[in-house]
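The exercises below are worked one step at a time. Try each task before reading its solution.

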Amino acid sequence: MLRDTYLVAKHELLVTARNPFWIVFGLFQPIVYLLLFAPFLKGVASTPGFPGGDSIQFFAPGLLIMNAMFNAGFAGFGIIEKMRSGFLERLRVTPISRVALVLGLVLVSTTEVILQSVLLVVVSLFFGLTVTMAGIALLLVLLVLVAIAMASASFSLALIVKDEGILAGVTNFFQLPLLLLSGVLLPIAFAPALIRALSALDPFRYAADAARDLIVGGSDGASVTTAFPLFVILAAIALGWFVRMIREAVA
Amino acid sequence: MSEPILVATGLRKTFRAARGNPAVEALRGVDLTVATGEVFGLLGPNGAGKTTAMRILCTLLIPSAGSARIAGFDLVREQAQVRQRIGYVGQKGGMEGVATGRENLILQARLYGMSRAAAAVRVDELIDRLKLAEFAGRKTQTYSGGQRRIFDLASGIIHKPPLLFLDEPTTGLDPASRARVWDEVRRLNAEGATVFLTTHYLEEADALCGHVAIVDKGAVAALGTPADLKATVGGDTIVLGFASEAAAKAAAAAVVGSPFGAKMQTHEQTVRLYVHRGEEVLPAVLQFLNAKQLEIATVTLARPSLDEVFLKLTGRSLTSEPQVGS
Ligand SMILES: Nc1ncnc2c1ncn2[C@@H]1O[C@H](COP(=O)(O)OP(=O)(O)OP(=O)(O)O)[C@@H](O)[C@H]1O
Ligand SMILES: [Mg+2]
């Protein structure tokens with residue numbers, strides 16, 4: 001089964017990497033966000049109520065979560081074309097296990113997210129980000145969980161709506177509020193009480209908090225012990241959903 | 001005879017439709033038996049349910065009701081075993097456009113369990129056999145329709161499946177490409193593979209298939225060998241051509257009282273005799289007219305076509321007024 005997962009993922013990655021646009025726009029997109037947003041944050045950081053320390057320390061972990069959320073959250077777009085061309089059907093008729101197939105497809109988004117994240121961390125170091133190796137390692141695990149959950153959900157949704165336009169609408173409808181409520185871009189402490197209450201329902205709020213704690217090696221915080229189990233469960237549910245969808249992906 | 005490779009009973013498929021629309025009954029109880037080693041055809045107009053039936057038989061869709069055994073395994077409970085023994089070339093092909101033809105085939109071979117080395121050998125063998133070398137290294141999105149279809153076929157037979165499903169293998173191909181696909185189907189069949197194909201070309205079913213099921217609106221309207229099916233619409237037509245109208249009239253007059261003159265029609269210089277087993281009657285007709293010193297200019301034996309079978313069964317012509325479907 002691992003072999004089949006590897007085969008599917010390798011094929012998909014080769015195909016993705018062949019696209020020069022992906023290298024430029026996919027891999028470097030988060031860096032662009034960082035370059036545009038980090039200087040702007042310098043001013044904000046002096047605002048009363050902003051968490052202490054350098055703004056990059058606040059912003060880089062948030063950006064990592066946001067990137068995992070958005071990149072993997074758009075994974076489903078690719079599968080609609082595969083469904084249309086019959087490629088998905090061709091994979092589904094082979095004897096490989098459905099779980100292997102699903103993991104292979106999800107692994108591609110996960111790998112992309114890891115590559116982007118590592119690149120983002122490296123660039124952030126030049127902006128003065130301080131990290132611990134253990135913290136970064138744990139943070140990458142969290143990002144993988146976020147990517148698995150988001151990619152699986154996006155794939156499943158794509159197999160239901162079967163149309164890029166509708167998928168874009170549905171994705172934006174969910175992603176933007178989840179992003180804003182997560183406090184990725186601005187500290188949620190700034191928000192009015194209602195928003196703060198709503199943000200407690202946003203799983204990405206916990207991921208963002210955990211990411212900020214983790215990056216400096218604070219792995220024993222409550223945020224971390226909440227975020228990990230939460231995203232293990234979410235990733236498992238989303239994967240299960242995707243497996244179910246692919247068993248009868250009606251094109 | 002050995003056990004049939006495919007036995008399906010009571011296959012039904014109902015697609016839930018979008019809100020406000022009635023559900024689509026794509027299959028309404030289909031029974032099929034495919035003998036090991038034959039070429040079996042599903043013939044029917046657009047929207048008849050051919051693709052739906054084939055996708056169910058390939059484990060891609062779960063039937064709403066009914067069951068099937070393929071190569072001795074249960075279609076629903078033993079999917080993995082069934083998948084190992086079938087090859088499937090969908091109506092849409094399914095090549096990854098940004099990968100080369102060769103890469104597509106290698107992936108396919110590897111997913112059927114071949115080692116890296118074995119996959120390379122097998123893919124080269126197929127590229128050679130199907131004469132694909134010229135474009136195997138190009139991205140499949142650059143292929144012409146015919147080139148792509150041959151590659152699709154290659155991907156379906158990569159693991160030498162005992163049962164091969166082909167969904168409209170020649171739709172949209174020019175006569176030369178179609179002939180290539182036909183040749184390959186015949187060759188595979190001669191090598192022992194059972195082939196299950198769908199088509200809406202009558203001549204394709206006629207030329208390739210040992211048995212044909214005519215499907216219409218989700219049900220099998222008729223099943224048999226092409227010859228049997230054609231026999232159900234009545235006999236053959238013997239078309240006799242004469243040098244002049246007078247000669248035709250004279251011949252008609254002579255034939256009227258004869259055993260083969262029961263149903264006939266005279267039109268200008270030709271006389272048409274509607275008979276059963278035309279190939280057996282024809283020599284007698286020729287002898288009879290010869291004995292009467294009536295000189296025949298041309299003779300044609302016209303067989304009833306599957307189109308006539310379809311027309312008789314459904315009241316619609318397969319070739320002239322296609323139903324609108326997916
Ligand atoms: N996923 C689906 N959802 C709803 N209806 C469907 C679906 N797939 C097929 N149908 C409907 O089921 C019927 C049979 O379709 P099918 O594709 O099996 O026909 P077909 O005989 O293969 O036609 P064609 O010759 O055009 O390929 C059609 O009315 C089609 O619209
Ligand atoms: Mg079809």
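The expected span of a helix is 1.5 Å times one less than its number of residues. The model used here is predicted.

**Exercise 1. Find how the reach of helix 8 of chain A compares with the span expected at 1.5 Å a residue.**

Step 1. Helix 8 of chain A covers residues 133-161, which is 29 residues.
Step 2. For that helix, the expected value is 42 Å.
Step 3. From first C-alpha to last, helix 8 of chain A reaches 41 Å, close to the expected figure.
Step 4. Lys162(A) follows the helix, and its phi is positive, near 55°.

**Exercise 2. Describe the fold of chain A in terms of helices and strands, and decide whether its radius of gyration agrees or disagrees with that of a compact globule.**

Step 1. Chain A has twelve helices and zero strands.
Step 2. The globule rule is 2.2 Å times the number of residues to the power 0.38.
Step 3. With 251 residues, the rule gives a radius near 18 Å; chain A has 18 Å, so the two agree.
Step 4. The C-alpha trace of chain A spans about 60 × 35 × 35 Å along its principal axes.
Step 5. Of the contacts in chain A with a separation of 6 or more, 81% are between residues 24 or more positions apart.

**Exercise 3. Characterise the burial, surface and charge of chain A.**

Step 1. Buried residues, those under 20% relative accessible area, make up 51% of the 251 residues in chain A.
Step 2. The accessible surface of chain A is about 10,700 Å², and carbon and sulfur atoms hold 76% of that area.
Step 3. There are 15 positive and 13 negative side chains in chain A; the centres of the two sets lie 5 Å apart.

**Exercise 4. State how many residues of helix 1 of chain B are buried, and name them.**

Step 1. Helix 1 of chain B runs over residues 50-57, and seven of its eight residues are buried.
Step 2. The buried ones are Lys50(B), Thr52(B), Ala53(B), Met54(B), Arg55(B), Ile56(B) and Leu57(B).
Step 3. After this helix comes Thr59(B), with a positive phi near 70°.

**Exercise 5. Where do Lys160(B) and Glu268(B) lie, and is each buried or exposed?**

Step 1. Lys160(B) sits in the loop between helix 5 (145-156) and strand 7 (163-167) of chain B. Its phi is positive, near 50°.
Step 2. The relative accessible area of Lys160(B) is 58%, so this residue is exposed, the cut-off being over 50%.
Step 3. Glu268(B) is in the loop between strand 12 (264-267) and strand 13 (270-275) of chain B. Phi of Glu268(B) is also positive, near 50°.
Step 4. At 52% relative accessible area, Glu268(B) is therefore exposed.

Key:
Residues numbered from 1 in each chain as written. Chains lettered and ligands numbered in written order. Predicted model: local features only at pLDDT ≥ 70, side-chain atom pairs only at ≥ 80, totals over all residues. Heavy atoms only, no water. Helix = DSSP H or I, 4+ residues; strand = E, 2+ residues; numbered from the N terminus. Buried < 20%, exposed > 50% of the residue type's maximum accessible area, 1.4 Å probe, protein only. Contact = heavy atoms within 4.5 Å. Areas by Shrake-Rupley, 256 points an atom, 1.4 Å probe, with all protein chains shown as cover. Lys, Arg positive; Asp, Glu negative; His and termini not counted. Charge placed at Lys NZ, Arg CZ, Asp CG, Glu CD.
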